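Please walk me through the strand pairing and the aromatic contacts of this protein.

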Amino acid sequence: MAIDDLPPAWREVPTLAGRHAHLEPMAHAHVDGLRAALAGDALAALWFTQVPTAARVDAYVDAALAAQADGRVLPFVVRDAQGRVVGSTRFYGMEADVPKLSIGYTWYAPDVQRTGVNTEAKLLLLTHAFETFGCISVVFETSWFNHRSRAAIARLGAKQDGVLRNHKRHSDGSPRDTVVFSIIDGEWPAVKRNLLAKLARHEQDSP
């Protein structure tokens, strides 16, 4: 779908704010913060992920903003409660006529992984998708080899739809089997309760 065919609300990246996570539209001004969040190239060294190297953050942001201009993605930068840039995520695969979309291209600084930041970010994104965009389905995709990501998606309450064999390529050029999960609108109330409960546990465990 061309950007001119998208409803106005699907063309602009929203700002989504919570207690632990603040999502804002990605911009060139975030390059230095994103580079710092990578903490070197340890995340990019995982060959089955799509995390940029520190040296390629400029190109990563350029590509995301170009895709946004084409109406293909809505890219976010994630900040923690202290306002520090700690990662990135985006809406993609947007089909406003269904309506449905995918959430992905997500990565976080090592020190905020498995904290309330990701839980709240997912809650904010899913709430916007289901309750503002009116989506009937939200999709998550990951590499077959990314077992940590697969487990994290399942913990959200998403259900595995299947595996697309040789669906695309990893960043190193090798063929990628893509594991596809989804949450549908009828499941959203229970998924939302689950995420709110997880967030409450994070808050109880916080010093």
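Tyr92 is buried, at a relative accessible area of 12% (buried means under 20%, exposed over 50%, partly exposed in between, with a 1.4 Å probe and protein chains only). Tyr105, at 30%, is partly exposed. This is a predicted model, in which local features need pLDDT of at least 70 and side-chain atom pairs count only at pLDDT 80 or more, while totals for chains, interfaces and linings use all residues. Residues are numbered from 1 along each chain as its sequence is written, and side-chain values use heavy atoms, leaving out hydrogens and water.

Seven aromatic pairs are counted. Rings of Phe, Tyr and Trp (its six-membered ring) pair if their centres lie within 6.5 Å; planes under 30 degrees apart count as stacked, over 60 as edge-to-face and the rest as tilted. Tyr92 and Tyr105 form an edge-to-face pair, 5.1 Å centre to centre with 85 degrees between the planes. Tyr92 lies in strand E4 (residues 85-95) and Tyr105 in strand E5 (residues 100-108), so the pair ties together parts 13 residues apart in sequence. Strands (E, at least two residues) and helices (H or I, at least four) are DSSP runs, numbered from the N terminus. Arg90 also lies over the face of Tyr105, 4.3 Å from the ring centre (NZ of Lys or CZ of Arg within 6 Å of the ring centre and within 35 degrees of the ring normal).

Turning to the strand pairing, E1 (residues 16-17) and E2 (residues 22-25) run antiparallel, joined by two bridges (strands pair if DSSP finds at least two bridges between them). Leu16 has Leu23 as its bridge partner in E2, and Leu23 stands opposite Val78 in E3.
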